[in-house]
Amino acid sequence: MARLRQEFYGLAPDDGILFERLCKEALHELGHNFGLIHCNDRECIMYLSNTVRDVDRKGLTYCGSCDGALYGKTETWRVSPWNRR
Ligand SMILES: [Zn+2]
Ligand SMILES: [Zn+2]
């Protein structure tokens, strides 16, 4: 987790950037929780980031195919009777 902080690179702390990176990591892990695998699309949140540069480059969203896969995985959850209000 330390590598996500700007200070680690000798730069000024930037909570905005840190927060954005944490959001991306969280969304990425959430994708794994729903059974998604790593994506080849560099802009996709499911792209495997080896460095923070990769994290910064990718967007905060899933690409079309990951979005579709996620939608499919959560379908059972969405149609469950106990989720209806
Ligand atoms: Zn991953
Ligand atoms: Zn993707």
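A residue is buried if 20 or more other C-beta atoms lie within 10 Å of its own, exposed if 12 or fewer, and partly exposed in between, with C-beta atoms placed from the backbone. Lys 58 has 21 other C-beta atoms within 10 Å, so Lys 58 is buried. This is a predicted model: local features need pLDDT of at least 70, side-chain atom pairs count only at pLDDT 80 or more, and totals for chains, interfaces and linings use all residues. Residues are numbered from 1 along each chain as its sequence is written, while chains are lettered from A and ligands numbered from 1 in the order in which they are written.

Start with the overall fold. The protein chain has four helices and zero strands. Helices (H or I, at least four residues) and strands (E, at least two) are DSSP runs, numbered from the N terminus. Along the sequence the pattern reads α-α-α-α. Buried residues make up 16% of the 85 residues in the protein chain. Two residues are in contact if their C-beta atoms, placed from the backbone, lie within 7 Å. Among contacts with a separation of 6 or more, 31% join residues 24 or more positions apart.

Now take helix H1, residues 15-33. The buried residues of H1 are Arg 21, Lys 24, His 28 and Gly 31. They cover an arc of only 80 degrees around the axis, so they sit on the same side of H1. That arc is taken from the directions from the helix axis to the C-beta atoms. The buried residues of H1 pack against H2 and helix H3 (64-73). On the other side of H1, the exposed residues are Asp 15, Gly 16, Phe 19, Cys 23, Ala 26, Glu 29 and Asn 33.

Glu 20 is also in H1. It has 15 C-beta neighbours inside 10 Å, so Glu 20 counts as partly exposed. Glu 20 and Leu 60 are 40 residues apart in sequence, yet their C-alpha atoms are 8.2 Å apart. After H1 comes Gly 35, with a positive phi near 85 degrees.

Next, the core. A nonpolar core is a set of buried Ala, Val, Leu, Ile, Met, Phe, Trp, Tyr and Cys residues joined through C-beta atoms within 7 Å. The largest one has eight residues: Leu 36, Cys 39, Cys 44, Ile 45, Met 46, Tyr 47, Tyr 62 and Cys 66. Leaving out residues up to four places away in sequence, Met 46 touches His 28, Gly 31, Leu 36, His 38, Cys 39, Tyr 62 and Cys 66.

Tyr 47 belongs to the loop between H1 and helix H2 (52-57). With 21 other C-beta atoms within 10 Å, Tyr 47 is buried. Its C-alpha atom is separated by 8.2 Å from that of His 28, 19 residues apart along the chain. Beyond four places in sequence, Tyr 47 touches His 38, Cys 39, Asp 41, Arg 42, Asp 54 and Lys 58.

That list leads back to Lys 58, in the loop between H2 and H3. Outside four places in sequence, Lys 58 is in contact with Lys 24, Arg 42, Glu 43, Cys 44, Ile 45, Tyr 47 and Ser 49. The C-alpha atoms of Lys 58 and Leu 48 are separated by 9.8 Å, 10 residues apart along the chain.

Finish in helix H3, with Leu 70. Leu 70 has 18 other C-beta atoms within 10 Å, so it is partly exposed. Again leaving out residues up to four places away, Leu 70 touches Gly 31, Phe 34, Leu 36 and Tyr 62.
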